[in-house]
Amino acid sequence: MKKTGLALLLAAVCQGVFAAGIEADDVWARATVQGMSMGGVFMKLENDSGRDDVLLGGSTPLAERVEVHNHVNDNGVMRMRRVEGGLPLKNGAGAVLKPGSYHIMLMGLKQPLDAGQKFPLTLEFQTAQPKTVTVTVKANHEGMPAGHQGGHQAGKH
């Protein structure tokens with residue numbers, strides 16, 4: 001009986017050590033202007049959950065919808081598109097969501113995103129439990145590579 005209990009305890013400890021989960025770091029969004037209905041959120045994701053997973057989207061009280069998007073070349077014009085099926089996150093690896101690449105799109109913003117503001121964003125995964133992160137809003141020029149200071153524009157999506 002004692003050996004069974006010890007085995008269960010060791011299994012739980014090992015699962016906690018080896019299946020740490022999906023972590024999000026450097027979570028930020030661009031400031032928006034009055035009237036903008038969309039905004040982008042960027043972050044670094046690390047999957048140490050012990051299995052492959054998929055980032056499906058999420059939710060926040062500041063937007064009607066939260067989707068995973070990417071930039072695609074459409075006959076020489078870069079356009080943002082929803083990533084159907086979500087963003088794969090291989091176990092032991094991660095993904096960088098950044099301007100000009102994969103990102104979280106806030107659709108139907110209920111208010112502008114102001115520099116310095118913080119808000120909750122719950123990320124939803126195919127198998128992992130939802131994870132709520134805190135997003136910090138940066139001025140449009142912060143965190144942007146040179147030559148990429150433009151923002152998401154309504155009607156250009």
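Modeller: A residue is called buried when its relative accessible area is under 20%. Bear in mind that this is a predicted model. Gln117 sits in the loop between S8 and S9, and it counts as buried because its relative accessibility is 17%. Its side chain reaches the backbone nitrogen of Asp114 at 2.8 Å. Setting aside neighbours within four places in sequence, Gln117 is in contact with Leu62, Gln111, Pro112, Val135, Thr136 and Val137.

Now for the core. The largest nonpolar core has 30 residues, and Val41, Met43, Leu55, Ile104, Leu106, Leu121 and Leu123 are the ones with the most contacts inside it. Among the elements that give two or more residues to this core are S8 (103-109) and S9 (118-125), along with S1 (21-30), S2 (38-48) and S10 (131-138). Take Leu55 from that core list: not counting residues up to four places away in sequence, Leu55 touches Leu45, Val68, Gly86, Leu87, Leu89, Leu97, Ile104, Leu123, Glu124 and Phe125.

S1 runs antiparallel to S2, joined by 7 bridges, and Glu23 has Glu46 in S2 as its bridge partner. With S10, S1 pairs in the parallel sense over 3 bridges; there, Arg30 is partnered with Lys138 of S10.

Terms used
Residues numbered from 1 in each chain as written. Predicted model: local features only at pLDDT ≥ 70, side-chain atom pairs only at ≥ 80, totals over all residues. Heavy atoms only, no water. Core = buried A, V, L, I, M, F, W, Y, C linked by side-chain atoms within 4.5 Å. Buried < 20%, exposed > 50% of the residue type's maximum accessible area, 1.4 Å probe, protein only. Helix = DSSP H or I, 4+ residues; strand = E, 2+ residues; numbered from the N terminus. Contact = heavy atoms within 4.5 Å. Pairing = 2+ DSSP bridges. Polar contact = N/O pair within 3.5 Å; in protein donor to acceptor, adjacent residues only side chain to side chain.
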